Amino acid sequence: MRRSLFLVIIIAFVLAACSERDGGGIDVIDVSGPLDSSALEFMIDSIGAAAEDGQELAVLQINSRAVLDEPLLDQLEELIAKPPLPLAVWLGPAPAQAFGGVASLVEGAPVVAAAPGTIIGRRDPVIAGVGGASGEEAMAEETGIGLEPTIRQYLQSLDGQILPSANGDVVVSTLVEFEGTGDGLTLRTVTFRNPGLITRFFRLAATPEAAFFFLVVGLTLVTFEFYALGPGVAAGVAALSLWLASWGVVNLPVRPAALAATILGWILLTTAYQRGGVIFLTFLGAIVLQVGGMFYVDGSGQIDPRWWLILLSVLAALFFFLLAMPTVQRSRLSTQTIGRESLVGKTGAAVSDFDPEGIVEVDGSRWRATAHREAGLAAGDPILVSGVDGLFLEVEPVQP
């Protein structure tokens with residue numbers, strides 16, 4: 001008997017929850033940053049899901065400077081022009097921007113409002129990186145768009161308005177009476193829809209500065225792992241950073257020449273470090289890296305990289321090459337990196353097998369060393385220091 005009563009209570013609770021949801025709530029679909037394919041697909045799917053759930057209203061909350069996918073933009077514009085349920089657009093929170101294809105989305109929406117200070121303009125190109133930059137910026141109120149400071153106030157203002165849908169015009173009801181009373185109104189249940197965790201993870205590289213940062217960090221950590229004898233953690237972080245950087249290369253309008261300059265800057269910094277810290281090569285590598293970052297993306301005046309944020313990535317790379325890697329290498333090899341020329345002509349022993357690099361011990365200190373592949377050095381073999389090449393000792397087997 002008790003089990004039956006408990007089951008009835010659970011069923012009643014579920015039915016009550018479903019009936020409350022069937023009464024129609026409000027979905028706020030929140031997207032910010034450049035609208036790539038994943039963001040546009042999320043908006044399209046969320047509008048369809050809101051209609052399937054029987055929601056009273058769907059609101060697109062947008063703050064974006066660029067659109068990166070033309071076919072999905074066309075699909076979203078068609079959906080906004082003929083939505084499956086009443087649909088509105090709010091540009092916010094302040095200060096919001098609507099550039100390129102986002103401006104065309106706003107113009108095609110049946111009802112639009114914006115947070116104070118919102119800027120609309122730079123309509124060309126519609127897709128970032130496709131065509132030249134043109135168009136002026138204007139405040140939202142100058143374009144005839146009404147201002148609503150918050151999304152809550154906007155939803156309240158929509159109560160009683162007639163909005164179009166695929167099934168005809170609908171009188172939207174965003175306010176309901178307080179439960180059990182008749183002397184007050186409150187908003188219907190508002191659900192905020194945000195992109196999923198995986199989508200948000202990849203969209204970490206949705207801006208030019210972030211995409212460039214992940215590329216520089218990934219390449220720098222590759223060098224760090226190789227030269228500083230890291231335990232492998234740096235390799236994992238490097239792989240993750242390069243994975244995010246590749247997302248930016250695929251989705252953003254990256255200039256091939258700027259990408260090549262970025263890689264060249266990394267090669268120059270690595271070469272300078274390998275040769276013991278050549279100042280000229282280090283300085284040249286930093287300049288090439290900065291130039292590559294400043295022109296990394298063809299933003300067409302919409303998502304152009306900001307030089308001061310690019311500079312932060314370059315300074316981070318310089319920190320690793322000039323301070324972090326030499327410090328880690330000295331600590332792991334338990335020796336200083338000066339006075340190596342005095343070791344030429346001395347003998348020692350190989351600590352590891354050479355292929356063609358390895359570790360040797362000379363005068364009680366360990367050094368990274370290199371030898372000809374034909375030398376066939378193995379751990380325990382006696383060696384002779386024949387020269388110094390950057391951070392490496394050049395060694396050869398002791399002749400009997």
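Predicted model: local features only at pLDDT ≥ 70, side-chain atom pairs only at ≥ 80, totals over all residues.
Start with the aromatic rings. The count comes to seven aromatic pairs. One of them joins Phe-212 and Tyr-296. Their ring centres are 5.7 Å apart, and the planes stand at 70°, an edge-to-face arrangement. This pair links distant parts of the chain. Phe-212 sits in helix 7, residues 208–227. Tyr-296 sits in the loop between helix 10 (279–294) and helix 11 (307–333).

Phe-319 and Phe-320 form another pair. Their ring centres lie 5.9 Å apart and their planes meet at 85°, so this pair is edge-to-face. Phe-319 has 44% relative accessibility and therefore counts as partly exposed. Phe-320, at 27%, is also partly exposed. Elsewhere, ring pairs link Phe-201, Phe-202 and Trp-243 into a cluster.

Now turn to charge. Side chains of opposite charge can pair when their charged atoms come close. The structure holds ten salt bridges. One of them joins Arg-193 and Asp-27, at 2.6 Å from N to O. This bridge connects two strands. Arg-193 is in strand 13 (residues 190–193), and Asp-27 is in strand 1 (residues 26–32). They are 166 residues apart, so the bridge links distant parts of the chain. Both residues are buried. They also belong to a network of salt bridges that links Asp-27, Asp-53 and Arg-193.

A second bridge runs between Asp-298 and Arg-255, at 3.4 Å from N to O. Both partners sit in loops. Asp-298 is in the loop between helix 10 and helix 11. Arg-255 is in the loop between helix 8 (233–251) and helix 9 (256–274). The pair is 43 residues apart and links distant parts of the chain. Asp-298 is partly exposed, with 23% relative accessibility. Arg-255 is partly exposed too, at 32%.

Asp-363 is exposed, with a relative accessible area of 52%. Lys-346 is partly exposed, at 33%.

Last comes the backbone. Most residues other than glycine have a negative phi, and most peptide bonds are trans. Pro-93 lies in the loop between strand 3 (87–91) and strand 4 (97–99). The bond from Asp-124 to Pro-125 is also cis, with omega near 0°. Pro-125 is in the loop between strand 6 (119–121) and strand 7 (137–139).

Arg-122 is found in the loop between strand 6 and strand 7 as well. Its phi is positive, near 50°. Arg-122 counts as partly exposed, at 27% relative accessibility. Ser-300 also has a positive phi, near 55°. Ser-300 lies in the loop between helix 10 and helix 11. Its relative accessible area is 6%, so Ser-300 is buried.

How values were computed: Residues numbered from 1 in each chain as written. Heavy atoms only, no water. Phe/Tyr/Trp six-rings, centres within 6.5 Å; stacked < 30°, edge-to-face > 60°. Helix = DSSP H or I, 4+ residues; strand = E, 2+ residues; numbered from the N terminus. Buried < 20%, exposed > 50% of the residue type's maximum accessible area, 1.4 Å probe, protein only. Salt bridge = Lys/Arg side-chain N within 4 Å of Asp/Glu carboxyl O.
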